[in-house]
Structure formats: structure tokens, C-alpha cells
Amino acid sequence: KRNLCYLNMSKAICSEIAGMVWTDQCDVDVSTAGYEDAETDPLHDFVQDVLRRNNFQVKMTESIEQAAALGGQALKAWYEVKRDRDGNPVPDLSEIRIGYAMADQFVPIAWDNAKVTEGVFVSRIAKNGYYYTRLEWHRWNGTTYVITNELYRSEMQKGTTPGETQDILGVRYPLAEIYPYIDEETEVPVTESLFTYWRTPIANNLDDNSPLGMSIYGNALETLHALDICYDSFVREFRLGKKRIIAPVRLMKQVGGLGGKLQRYFDADDEVYEALATDNPEDLKIVDNSVGLRVNEHITGINGDLAILCSQIGFDPGTLSFDASKGLKTATEVISENSKTFGTVKAHENIIRDSLRQMVDAIFELAVHYGLTWEGKTIESLIAGGYEVAVTFDDSIIEDKNAEINQGIALTGAGLMSKKRFLTDVLGMTEEDADKELEQIGQERKVDSVEVTRLFGGME
């Protein structure tokens, strides 16, 4: 028996799509009335501060990759009260936190066509020979949002691996023994759930009634296995294709082996051989028995399976490929040629955009409930006039931005697209910023019209 060499394409494709969906250029902008742009908006600065403290940019890429593999991801917002050594709250250090729960750490219990409204978050720790599992229930009791915490304990079984026993829920255990500052039940006066769940834009054909998503490679497991077989054969091609020779038995030396038996071996480093009692040249002949490496055949086989895999996960054929002369072909080079991959990435972006807007709503709900302030003003007063959340993705990775802008200019010039839509959809402006920009353009045109009239009037 031997271990199979894995190509791990499941990891590669999840990392690839995460890199195409989320980059450092992606932004979560918040705008309120009375401010010309987001950079001077205190509400925008407050949200950016919360995201920065939670390492949002880095964690979001990781979360998208995990969600692509497991089918979904849950984001949870809460207010964490920092305490001193005596257990007293320290308001200056307390802050809003964002948690990233993988698919196996979240169980939905209520949902509608729009979103998951209730769920259970599962967290585990190991301590003093026991596994402790905390279930955090987020439920609605009418219009009241209730968070309930339960703790269970299971004993570590000796002689077993951690994975065999840590998934056992065990028996109910007092919550205060492990989490002294977490209440068993808390009512939070909010209007929206303090979590958001987003899933991959793939129909769940394993469970039609489940709100959970499907792994992007959930229907391509056989292809992934075929790729592993091709890669394993590729590796073994080099292992088995080492240079080998056939030497006569007369050229073999003898050494002591197990049980006192003599064993023969051929010393390839010897430059001088002992004299042999033979005059037959055939008895002294060493034959090269090396075989050629089938490199191109393996590359062709791997590319064939990669093309099938691309079709199964919503990529253009060739998005994942290997060329013998150019090496690995990057996704950016391929995406500019076709649009199937672009459509898959945009589908992920649309779902993530709605989820991030819900997360910002949850941040404001907590800020209002705990009376947080920013620049001397309460968050409640800042959002009183309403706010707008815009999530901008960096689509320059998967499309030619200049080509998109030129196409938008042609459509607006032909009267097939409004200028406001061009500013919001193509240039990524918020509706408020687009209105201000159009108003400014209108004023500049009036000034130019007056100057032209004055010029021709002077000539007359």
C-alpha cells in the first residue's frame, strides 16, 4: 500500500475564486445626507474603524474561500465588553466585534425566501480533559430578538483521535463555569438579526429544502479524483523512470545479510573491478534499461480533466490550464477572452453585497443599543436621517474597465442608459453622489452656455 499524491485542486479553485471576488480594492462605503463624499462622512469613518479593528479585508478573502469550499458562511456582530483584572467593565476598550463562522459552525433554524432569520452558532474549546461546546441561539420571540447560550461538556476518550470525540455534544453544564460574563439569555431591542448568512450561488441538489449552500465543487468530486490519479501517475513517472542498468551477476559483490546469508549488490561508484575468470564479452556487458518519461501525455491528461472541472464549477474552459511552453495560465488571461467566469464571479459578488449590507445594519443596531458615539455625536443621531451602504468590487481583475466605461458612454450617448445609472453601476458611485455629480455637471453646462452666448454676442 502507498499514499496517493494529491493535486489539491479543490483548494486551488476556492482560492482562485476568492481572489477574483475580493481584493484590497474592494470597499464598503456608507453615506448620509449632508456630506459631499464618504471621506468626510463620520458614519463612514465609524464603519471603517470597526472593519479595521476586525481585520476585515484579510478575513473576508479567507471567508470567501471557506464558503466556496463548504457552501456558505455566517457573519455575526456583537458588542464585546472589555474587563480589567477585577472583572470590571472598561468602556474605552469595549468595541463591536465581527465573527466569521464556517458552514459547520452554524445551523439555520428559520428562514424565508430572502434570508436566514434564526440560527445557532456552535463553538468548541478543550480544557482540563474535556470538550466544551457552546450553543448560541439567535431567535425571534415575536418582535423581540433573543440570544440564548447553552453549554455542554463531553469527556475526552483516551486512545482516540480528537476528531472522534470532540463532535459529541455531551451533557448540559453550567455556563458560568467556563463563561462567567456571558448571560444565559439576553433580549436585544433590534429590528434586524445580528447575523447574516450568505451562500454560494449554486442550487443545492443534495437537499432541495435546505437554505444552506452547495460547495462550488460539490458536483465535481469524481473529476477531482481523476485529477489526483493523473497527478499521482505524473509523480510516479519520475520515481519509476529513474536511470536503471542491468549488470551481470559476476559483477555483483557479496555482503553479510540477515541470518548470516550473503547478499549480492552492484556498487555503481566502483571505478575498478576485480578480475573475472571469463573471456566472454557478453558476461561483462552492462545494459542501460532506462525508459522515457511521458511528460506531454500527462500534461494533456491533466488539461483534459481541468477543462471538465472548469465547466462543472462555472469557469470558462481554459481558466485553469497548464501549457508546456508557457507554464500555468493565469485566470486573468483567460477571463478576458470569455464571459462565463465573469458571470460566476458576479453572482458571488451580488450575494456577498447583500450580506455585507445586512452586516452594516447589524453594526448600527448594536451601536444604537449601546449608545456608542463618534466624533462627539451618537450613532443614533448620525443615522437618524437615513444612510446608504455601497459595496464596491474591483472588477478590473476580471474585465477591461476602460472597455466597460467606453461601452457605458456609447449607451448613454445613444439614449439607452441613463447617466445616473452609468455613474452608479459603471463608476461605482452611490445614488446620492451620482445626484450631486449630475447637478454639478448641469451647473457647469449653464456656465458654459452663458459664456458661449456672451462670446457670440460680442462678435455681433
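**Exercise 1. Which residues does Ser193 touch, not counting residues up to four places away in sequence?**

Step 1. Ser193 touches Thr117, Trp140, Tyr145 and Ala362, where contact means heavy atoms within 4.5 Å. The model is a predicted one, in which local features need pLDDT of at least 70, side-chain atom pairs count only at pLDDT 80 or more, and totals for chains, interfaces and linings use all residues. Residues are numbered from 1 along each chain as its sequence is written, and side-chain values use heavy atoms, with hydrogens and water left out.

Step 2. Helices (H or I, at least four residues) and strands (E, at least two) are DSSP runs, numbered from the N terminus.

Step 3. Examine the polar partners. A polar atom of the Ser193 side chain lies 3.0 Å from the backbone oxygen of Thr117. With the side chain of Trp140, the side chain of Ser193 makes a polar contact at 3.1 Å. A polar contact is a pair of N or O atoms within 3.5 Å; within protein, one must be able to donate a hydrogen and the other to accept it, and residues adjacent in sequence count only if both atoms are side-chain atoms.

Step 4. Assign the burial class. Ser193 counts as buried because its relative accessibility is 11%; buried means under 20% relative accessible area, exposed over 50%, and partly exposed in between (1.4 Å probe, protein chains only).

**Exercise 2. Determine the burial class and the contacts of Thr148.**

Step 1. Thr148 belongs to strand β7 (residues 144-155).

Step 2. Its relative accessible area is 12%, so Thr148 is buried.

Step 3. Not counting residues up to four places away in sequence, Thr148 touches Leu135, Glu136, Trp137, Arg139, Glu184 and Glu185. For one of these, Glu184, the C-alpha to C-alpha distance from Thr148 is 5.5 Å, at a sequence separation of 36 residues.

**Exercise 3. How are α5 and α6 oriented where their axes cross?**

Step 1. The axes of helix α5 (residues 221-240) and helix α6 (residues 295-313) come within 9 Å and cross at roughly 165°. Axes are lines fitted to C-alpha atoms, for helices over the stretch in contact, and angles run from 0 to 180 degrees between N-to-C directions.

Step 2. The angle therefore makes α5 roughly antiparallel to α6. Angles under 35 degrees count as roughly parallel, over 145 as roughly antiparallel, 65 to 115 as roughly perpendicular and the rest as oblique.

Step 3. The crossing of α5 and α6 is left-handed: the near helix is turned anticlockwise from the far one by less than a right angle, whereas clockwise would be right-handed.

Step 4. Among the residues that make the contact are Leu224, Leu227 and Phe234 of α5, and Ile302, Leu306 and Leu309 of α6. By class, the contact of α5 with α6 has eleven nonpolar, five polar and two charged residues. Ala, Val, Leu, Ile, Met, Phe, Trp, Tyr, Cys and Pro count as nonpolar, Asp, Glu, Lys and Arg as charged, and the others, Gly among them, as polar.

**Exercise 4. At what angles do α1 and α3 cross α8?**

Step 1. Helix α1 (residues 9-21) and helix α8 (residues 340-369) have axes that come within 10 Å and cross at roughly 70°. That angle makes α1 roughly perpendicular to α8, and the crossing is right-handed.

Step 2. Ile17, Met20 and Val21 of α1 make this contact with Thr341, Thr344, Val345, His348, Glu349 and Ile352 of α8. It divides into five nonpolar, three polar and one charged residues.

Step 3. For helix α3 (residues 56-70) and α8, the axes come within 14 Å and cross at roughly 135°. The two helices are therefore oblique to each other, and α3 passes α8 in a right-handed crossing.

Step 4. Phe56, Met60 and Ile64 of α3 meet Ile352, Leu356 and Met359 of α8. The classes in the contact of α3 with α8 are six nonpolar, no polar and no charged.

**Exercise 5. Is Asn55 buried or partly exposed?**

Step 1. Asn55 lies in the loop between α2 (42-53) and α3.

Step 2. Its relative accessibility is 41%, so Asn55 counts as partly exposed.

Step 3. Phi of Asn55 is near 55°, a positive value in a residue other than glycine.
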